[in-house]
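Student: I'd like a close look at one part of this model, with the cut-offs spelled out as we go. Could you take me through it?

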Amino acid sequence: VLLDRCEFFRNHAELNGGAYAGFGGSETTHPIIRDSKFQENWVYQTNVPANWPAQYQFTDDQSGGGALYNKGYMEVERTEFFDNYTQRSKGGGALYNQGDLRLLDVAIADNKARPGGPVPNTLGGAILNDSTLIIRRTSIHGNEGAIGGGIMNRTGGKLWLVNSTVADNLAKTGGGVENGFNFLMNGAPTINNGGEVNIWHSTV
């Protein structure tokens with residue numbers, strides 16, 4: 001799959017990837033998104049368990065990625081992600097990665113993982129990462145989430161941030177990059193020990 005010079009505007013999904021969801025692929029054969037734009041796409045869960053938020057658990061919530069969801073191998077080059085969001089979802093306002101994702105010369109700005117309602121906290125205003133994510137020459141700014149305003153890297157996540165800028169993002173904790181979390185939710189500890197984070201020649 002090659003998506004070249006495409007615009008994804010105001011698309012909506014119930015669970016994953018408001019505009020695009022990718023599954024499968026390998027290092028030799030995989031989706032490539034190039035010279036494109038994702039704007040005002042969103043994930044909004046309408047049907048949630050009746051016991052949320054009182055018994056909400058991140059493990060029960062499979063949603064995320066206001067613009068893009070990846071559970072395979074994917075490359076994104078020279079592409080913009082603006083004003084995307086998740087709501088009634090655990091997060092990844094622009095991107096949710098559970099595969100192998102490579103970003104090069106990408107701009108990710110003004111995306112939100114909106115808290116409230118049945119989901120009292122959200123993860124990753126711009127990006128929620130659970131697997132391998134390599135980010136190069138990329139700007140991540142002006143994004144907002146409850147925990148990890150720019151990037152949330154959870155257990156199993158392997159994050160490389162190279163020659164990039166993460167700035168002016170907003171969160172209760174971890175405004176730029178948050179590796180794991182530890183807080184009380186519904187009176188009980190909610191703990192994630194994070195994964196591997198490598199930051200080279202970048203501004204955070």
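Student: Leaving aside its neighbours within four places in sequence, which residues is Ile108 in contact with?

Tutor: Happy to. This is a predicted model, in which local features need pLDDT of at least 70 and side-chain atom pairs count only at pLDDT 80 or more, while totals for chains, interfaces and linings use all residues. Residues are numbered from 1 along each chain as its sequence is written, and side-chain values use heavy atoms, with hydrogens and water left out.

Taking contact as heavy atoms within 4.5 Å, and setting aside neighbours within four places in sequence, Ile108 touches Phe81, Ala94, Leu95, Leu103, Ala126, Ile127, Thr138, Ser139, Ile140, His141 and Asn143.

Ile108 also belongs to the largest nonpolar core, which has 25 residues. Such a core is a set of buried Ala, Val, Leu, Ile, Met, Phe, Trp, Tyr and Cys residues joined through side-chain atoms within 4.5 Å; buried means under 20% relative accessible area, exposed over 50%, and partly exposed in between (1.4 Å probe, protein chains only). Val76, Phe81, Leu103, Ile108, Ile127 and Ile135 touch the most other members. Strand 8 (68-77), strand 12 (100-104), strand 16 (132-136) and strand 20 (158-162) each supply at least two residues of this core, with the largest share, three residues, coming from strand 8. Strands here are DSSP runs (E, at least two residues), numbered from the N terminus. Apart from this core lies another, of 14 residues, including Phe58 and Tyr96.

How do these strands sit together? Strands count as paired if DSSP finds at least two bridges between them. Strand 8 and strand 12 run parallel, joined by five bridges, and Val76 has Leu103 as its bridge partner in strand 12. Strand 12 also pairs with strand 16 in the parallel sense, again over five bridges, with Arg102 opposite Ile134. Four of the five residues of strand 12 are buried.

A salt bridge here is a side-chain nitrogen of Lys or Arg within 4 Å of a carboxyl oxygen of Asp or Glu. Arg102 makes one with Asp100, with the closest N and O atoms 2.7 Å apart; Arg102 is partly exposed at 27% relative accessible area, whereas Asp100 is buried at 18%. Glu77 and Arg34 form another, at 3.4 Å from N to O. Because Glu77 lies in strand 8 and Arg34 in strand 5 (residues 32-34), that pair ties together parts that are 43 residues apart in sequence.
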